[in-house]
Amino acid sequence: MKKQRIGILLIFGILALSLAACTGAGTSNSFSGVLLTEQNVYYAGGAKLTALDGLNGNPLWSYPEKTTPTRLFYAEPVMAGEQLIVVDYDKKLTSLNPKTGSELWQFTGAKSKYIDSPLVTENLIIAPNSDYSLYALDYDGKLVWTYEAEQALWTRPVTDGTTVFFPSMDRNLYALDLATGNLKWKIDLGTSTVARPLLDMGVIYIGNLSGTVFAINAQDGSEVWKENMEGGIWAAPLAHDGKLYLGDLTGRINIINMADGNLVDYYDTSDDAADAKKAAILGAGVLIENGIVFGNEDGMLFLIDFEGKKIDDESLDGPIYSNIQFLGDQLLVCVTQSESKTPLVSLKTDFRDNWDFSESNKGK
Amino acid sequence: MWDTIIIQPFINLLLWISNFVGNFGVAIILFTILTRIILYPLTASQIKSSTAMQALQKDKRYIEIQTKYKNDKEKLAQEQMKLYQELKINPLSSCLPTLIQFQIIIGLYQAMIQTMAAGPIDLLKLTRHIYPNFLKLSEVLPLNSQFLWMDMGLPERLNIPGLNFGIPVLAIVVVITTYISTKIMTPPAQPGANDQGAMMSKMMNLYMPVLMGWLAWTLQSGLALYFVVTNLIQIAQYAISGNVHWGNLAFWKKKAVVKK
């Protein structure tokens, strides 16, 4: 009788476990973020944030001391003066000492997870949250103002010094007064938007998930032009010499004329894919001296010149979803090998290996 | 394969209903009713099969076999099988709907997670799972996931002012409805029926609500809503077929019998 009871309990246990496994409970649903500074690298790689030596990738410290399955760090950390600001999936915005990783203060007023990192201005930390709110804090972590949109905010805002601009899942692009958080204007972008905006010479450039790229007058929110791309847009465009460079979900790097939105040319990174599958570009690329570097879902890194011709490429171990970082002669790329392991690769601008870091090798 | 056959159609159907009614919670209720209607032939055969099994428990020959071969399990199984064949009963036919339902629960949960797109990876998968000729991303996003006081993408808790913890109302309702549905479907133990079967039923009646309640407490409230609606429809289906044992719920009567 006792044996049977244990047997039934075991069956229920296995049922519960298999349901949890089949449903994917406990797996992450984002990709890592990284910040590259003059000395250090701050890597938000899931359950913890790790500070590394920028020269060799050796770990310096990690935060928090005790990891939990719900407190996950994916957004790129940002610097606010002498503080390192990190946000997590457990509704917390934390200020850390960048040298030691010790906590300075914590803001716990948000009701949901932070997907993207905050915008840092001269005196404010402006954090978008999935609870539909934008929180403006001072450098001591005190709430200065809050603005509530109609849906989740997944995107780091931009500012021109007087106005803060950010898109929302509710399809709108908002412009708020930076000092007070009062709404100045908003414009319907047609589809939910997760891409960061680019502000250049008084015009905001932003693409939505349906692949429409907009140029919007930052002063009054009027539409300057809009143009449809082949695939949805996930990241901010890069601006160089009157042209925009932005990747899309079909794997194209589109080159657009900033003045009128005309598609000048494109480079299709999926052409190099082993199969016919489209290798999406999610992360923002970076401008380097002789061109633009983008990574795609196939784990391919491309350097193209400003006319859209490929100069070089490099194959990495897994999909590249995150924004690439660049400083000096170093490129930092997060490689998503699986949903649980995301190594970090440092390369020179000619794609020579510099160092790499993952939880298993601890830097080499 | 699993994605193409199960997840993708579920996602598109859920999104289509959600787009039509303007609320994801209502979409889950309608989707559940729809799946129960589609699965009705299987449920009907399950009810028929369990009715036949209940009738068998009262059959003289069955009781005789149980008594006669209670110390020879191999022979008991052989004789039982003979009787099943003679009466054209398939004891396994009541398991098939349960197995299919389990697949639907897993498929629905995965579809719901991806439809709610709570993180970038889920959103990326969602953009790929939408049939472009059937739905437009601009029309289905953003999803209205608020239903009553709940967010369908998060575990449910009802926060009452003055209390510093949330009450898992939906999980409690799941436990109660699962308990009722398993209890009223279980035939009362027959005199002479084997103790093992009765014990199995008793443990199922106890553990099933706990398991479902635990899932409802920890996973997204959308899935808990699916459990509640499924239980209610199941109770209704059994009641319509006239195959419920309401007397099983009167636990106080049983206690009185035990005292005697």
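# Reading contacts, strands and helices

Me: Among contacts in chain B between residues at least 6 apart in sequence, 74% join residues at least 24 apart. What puts two residues in contact?

Reply: Two residues are in contact if their C-beta atoms, placed from the backbone, lie within 7 Å. Before we go on, this is a predicted model: local features need pLDDT of at least 70, side-chain atom pairs count only at pLDDT 80 or more, and totals for chains, interfaces and linings use all residues. Residues are numbered from 1 along each chain as its sequence is written, while chains are lettered from A and ligands numbered from 1 in the order in which they are written. For chain A, the share of contacts joining residues at least 24 apart is 40%, again among contacts between residues at least 6 apart in sequence.

Me: How many helices and strands are there in chain B?

Reply: First, the general idea: helices (H or I, at least four residues) and strands (E, at least two) are DSSP runs, numbered from the N terminus. Chain B has 12 helices and 4 strands, and chain A has 1 helix and 32 strands.

Me: What makes a residue buried or exposed?

Reply: Count its neighbours: a residue is buried if 20 or more other C-beta atoms lie within 10 Å of its own, exposed if 12 or fewer, and partly exposed in between, with C-beta atoms placed from the backbone. In chain A, 50% of the 364 residues are buried; in chain B, 29% of the 260 residues are. Ser133(A) has 18 other C-beta atoms within 10 Å, so it is partly exposed. Setting aside neighbours within four places in sequence, Ser133(A) touches Ala110(A), Thr146(A), Tyr147(A) and Glu148(A) as contacts.

Me: How many bridges join S14(A) to strand S15 of chain A?

Reply: The general idea is that two strands pair if DSSP finds at least two bridges between them. S14(A) is joined by 5 bridges to strand S15 (residues 172-177), and the two run antiparallel. Look for Phe165(A), which stands opposite Ala175(A) in S15(A). These strands form a hairpin with 4 residues between them, and Arg171(A) in the turn has a positive phi of about 85 degrees. S14(A) also runs antiparallel to strand S13 (residues 158-159), with 2 bridges. There, Phe165(A) is the bridge partner of Val158(A).

Me: How many residues of S23(A) are buried?

Reply: Strand S23 (residues 252-257) of chain A has 5 of its 6 residues buried, so to speak mostly covered. Strand S22 (residues 243-247) of chain A pairs with S23(A) in the antiparallel sense over 5 bridges, and Leu246(A) stands opposite Asn254(A). Another 5 bridges join S23(A) to strand S24 (residues 263-268), also antiparallel. In that pair, Ile253(A) faces Tyr267(A) as its opposite residue. The hairpin of S23(A) and S24(A) has 5 residues between the strands, and Gly261(A) in the turn has a positive phi of about 85 degrees.

Me: What is the order of the open sheet of 4 strands in chain A?

Reply: The order is S17-S18-S19-S20, with antiparallel pairing. Strand S17 (198-200) and strand S20 (223-228) stand at the edges, each with a single partner strand, so one side of each is left without a neighbour in the sheet. Strand S19 (residues 212-217) pairs with S20(A) over 5 bridges, where Phe214(A) has Lys226(A) as its bridge partner.

Me: At what angle do the axes of H1 and H2 of chain B cross?

Reply: Axes are lines fitted to C-alpha atoms, for helices over the stretch in contact, and angles run from 0 to 180 degrees between N-to-C directions. Helix H1 (residues 2-21) and helix H2 (residues 24-38) of chain B have axes that come within 8 Å and cross at roughly 125 degrees. That makes H1(B) oblique to H2(B); angles under 35 degrees count as roughly parallel, over 145 as roughly antiparallel, 65 to 115 as roughly perpendicular and the rest as oblique. Where they meet, residues including Leu13(B) and Ile17(B) of H1(B) contact residues of H2(B), among them Leu30(B) and Phe31(B).
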